[in-house]
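Try each task before you read its solution.

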Amino acid sequence: MPPSPDAVAALKVGWAGVTDRASLDHPAVDVPAADLLGVLGSLKSLQGFDMLTDVAGVDWGVGARPRFTVVYHLFSTTTHAYLRVASSCPDDAAPQLPSAAALWPGADWHEREAFDMFGIRFAGHPDLRRIIMWDGYPYHPLRKDFPLAGIETPLPDAEITAEVKVGLIAAPMAGGPFVAAAGQMNMGDAEPRAKDESWNERRPKPGT
Amino acid sequence: MVSANAELAYNSKIEGDVVVSRADAVINWIRTSSMWPMPMGLACCAIELMAVGASRFDLARFGAEVMRFSPRQADVMIVSGTVTYKMASAVRRIYDQMCEPKWVIAMGACASTGGMYRSYAVLQGVDRILPVDVYVSGCPPRPEALLDALIKLQEKVKREPSASKLLTA
Ligand code: SF4
């Protein structure tokens with residue numbers, strides 16, 4: 001069944017802040033953070049979007065405004081329509097949005113992941129702990145300013161750290177990361193190749 | 001393959017019920033013939049480890065089929081898979097709980113060096129936190145490669161001065 005455009009039209013009637021969002025497939029809307037819970041609640045109760053399939057975080061880069069966006073992927077098991085709802089965090093330094101865990105219990109772990117990887121806090125979340133990295137890990141690894149190789153940190157267990165005397169070290173990138181150049185039509189040129197920003201045994205990490 | 005132990009000599013006419021050998025040879029023969037693995041299965045390599053234990057490759061031929069999920073009953077930890085930093089402490093703690101003598105096989109590229117995961121999340125080789133006896137290359141290694149690693153480890157154990165170690169311990 002095709003996604004219904006009326007969902008967006010009906011939404012715009014009740015919520016003046018809702019605007020269309022560019023999308024290649026399903027209908028998508030931008031919602032101001034202040035209206036987010038109201039919009040999600042009415043989509044669930046009035047339009048039958050009874051399933052939250054994903055909550056994804058986006059970091060648009062250091063200095064971008066707004067820097068952090070959260071995207072909710074909604075699905076209706078009755079009309080089989082998809083809808084994407086995006087909302088940007090008003091504060092770039094301490095990004096925060098209201099939690100959708102009270103509407104869809106499935107939001108619980110998705111929001112914990114967005115918190116773990118991007119440091120986006122969800123107000124009203126029942127148990128906002130890290131879900132992938134360990135409790136007490138000081139960084140948010142999917143932020144654009146976090147290096148892929150990692151940053152020196154002690155291991156989660158202090159007793160083990162004292163025993164083995166090593167912690168998390170920045171991984172040797174050995175010529176990587178290997179990335180494909182965007183927008184290249186020539187497949188030879190688009191082959192993944194090393195970004196020359198690496199360090200290894202022969203070329204030590206600058207500043208160490 | 002465990003060959004007949006040349007150091008054990010027995011002539012029933014002369015010795016009756018007595019077997020003369022060196023303590024090292026006897027201790028090491030016992031140890032190499034019943035190495036019980038602690039399967040530290042952490043990622044895709046663990047699937048290959050299961051194949052090694054199953055009938056086609058049959059780890060039992062080398063006396064090492066008794067996978068023990070309690071470290072207290074295991075002799076050799078087979079680290080098969082990607083060791084994340086989050087898991088690293090647990091791996092080390094389980095190693096500490098194994099009784100002496102104990103050995104470690106690092107199975108696959110990930111356990112040996114971090115493999116293709118040059119990232120903030122993955123320990124770059126389990127030898128940073130454990131003493132590794134045998135490394136196995138491959139992603140994943142073929143089951144034969146792990147059998148070979150076990151045989152290499154058995155050869156290594158056969159050379160150990162076990163008796164003097166026990167006396168000085
Ligand atoms: S070495 Fe390869 S097969 Fe083994 S755990 Fe790593 S990625 Fe998986």
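**Exercise 1.** In which segment of chain B is B:Ala169 found?

Solution. B:Ala169 is in the segment that follows helix H7 (162–168) of chain B; helices (H or I, at least four residues) are DSSP runs, numbered from the N terminus. This is a predicted model, where local features need pLDDT of at least 70, side-chain atom pairs count only at pLDDT 80 or more, and totals for chains, interfaces and linings use all residues. Residues are numbered from 1 along each chain as its sequence is written, chains are lettered from A and ligands numbered from 1 in the order in which they are written, and side-chain values use heavy atoms, with hydrogens and water left out.

Next, take accessibility: B:Ala169 has a relative accessible area of 88%, so it counts as exposed (over 50%, 1.4 Å probe, protein chains only).

**Exercise 2.** Find how many salt bridges the rule gives across the interface of chain B and chain A.

Solution. Start with the contact (heavy atoms within 4.5 Å): chain A brings 26 residues and chain B 13 residues. Then apply the rule, a side-chain nitrogen of Lys or Arg within 4 Å of a carboxyl oxygen of Asp or Glu. It finds three salt bridges between chain B and chain A. One of them joins the side chains of B:Arg93 and A:Asp157 (2.7 Å, N to O).

**Exercise 3.** Which classes of residue make up the shell around the ligand?

Solution. List the residues with a heavy atom within 4 Å of the ligand; among them are B:Cys44, B:Cys45, B:Cys110 and B:Cys139. Sorting the shell by class gives eight nonpolar, three polar and no charged residues.

Technical notes:
Ala, Val, Leu, Ile, Met, Phe, Trp, Tyr, Cys and Pro count as nonpolar, Asp, Glu, Lys and Arg as charged, and the others, Gly among them, as polar. Helices (H or I, at least four residues) and strands (E, at least two) are DSSP runs, numbered from the N terminus. Buried means under 20% relative accessible area, exposed over 50%, partly exposed in between (1.4 Å probe, protein chains only).
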